[in-house]
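Open the model in your viewer and keep the selection panel at hand. The stops below go from the whole chain to single residue pairs.

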Amino acid sequence: MRDWLIGLAVATTCLVASWALLVLLARRLPPGILRDLAAFVPDCLTAVRRLRADPRVPRRAKVAVLLAGLWLASPIDLIPEFLPVIGPLDDIVVVALALRYAGRQVPREVLLAAWPGEPRLLLRLLGPAAAPPV
């Protein structure tokens with residue numbers, strides 16, 4: 001049991017250290033694609049927190065966004081986090097799908113207000129706006 005707890009503590013420490021590194025890179029890198037990529041996961045967590053608290057977001061979208069946030073926070077992944085570059089890929093895909101789902105149910109202004117990062121990244125992720133019904 002002791003070995004299992006030590007392993008869990010080491011895994012948790014590695015996960016927190018990788019998140020801290022992403023936050024540090026997001027603040028220190030010059031503007032560009034690398035900075036945007038490093039800031040994506042922290043921006044997603046902030047957006048999840050803000051959308052969950054917003055009364056304009058329907059319950060279904062809140063559930064999808066909350067599940068994506070839990071997936072991001074979970075140490076269990078399809079692709080292990082310790083693999084450079086591709087480690088956070090499954091997290092990014094899950095969050096992207098959840099945000100696209102929420103984007104169909106929530107006005108874009110609400111999503112853009114909740115997104116702390118570069119708005120062009122979120123707009124690109126959401127795709128073109130749907131035409132209003134005639």
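This is a predicted model: local features need pLDDT of at least 70, side-chain atom pairs count only at pLDDT 80 or more; totals for chains, interfaces and linings use all residues.

Residues are numbered from 1 along each chain as its sequence is written, and side-chain values use heavy atoms, with hydrogens and water left out.

**Whole chain**

Select the protein chain and colour by secondary structure. There are 6 helices and 0 strands, in the order α-α-α-α-α-α from the N terminus. Helices here are DSSP runs of H or I with at least four residues, strands are runs of E with at least two, and both are numbered from the N terminus. Switch to a surface: the chain exposes about 9100 Å², and carbon and sulfur atoms supply 69% of that area (Shrake-Rupley method, 1.4 Å probe). Of the 134 residues, 31% count as buried, meaning under 20% relative accessible area; exposed means over 50%, and partly exposed lies in between. Among contacts (heavy atoms within 4.5 Å) between residues at least 6 apart in sequence, 50% join residues at least 24 apart.

**Helix 3 and helix 4**

Select residues 59-73, which are helix 3, and residues 89-105, which are helix 4. The axes of helix 3 and helix 4 come within 9 Å and cross at roughly 170 degrees. Axes are lines fitted to C-alpha atoms, for helices over the stretch in contact, and angles run from 0 to 180 degrees between N-to-C directions. Helix 3 is therefore roughly antiparallel to helix 4; angles under 35 degrees count as roughly parallel, over 145 as roughly antiparallel, 65 to 115 as roughly perpendicular and the rest as oblique.

**Salt bridge**

Finally, select Asp-54 and Arg-56, which form a salt bridge with closest N and O atoms 2.9 Å apart. The rule asks for a side-chain nitrogen of Lys or Arg within 4 Å of a carboxyl oxygen of Asp or Glu, and the count comes to 1. Asp-54 is buried at 11% relative accessible area, whereas Arg-56 is exposed at 53%.

Note on methods
Buried means under 20% relative accessible area, exposed over 50%, partly exposed in between (1.4 Å probe, protein chains only).
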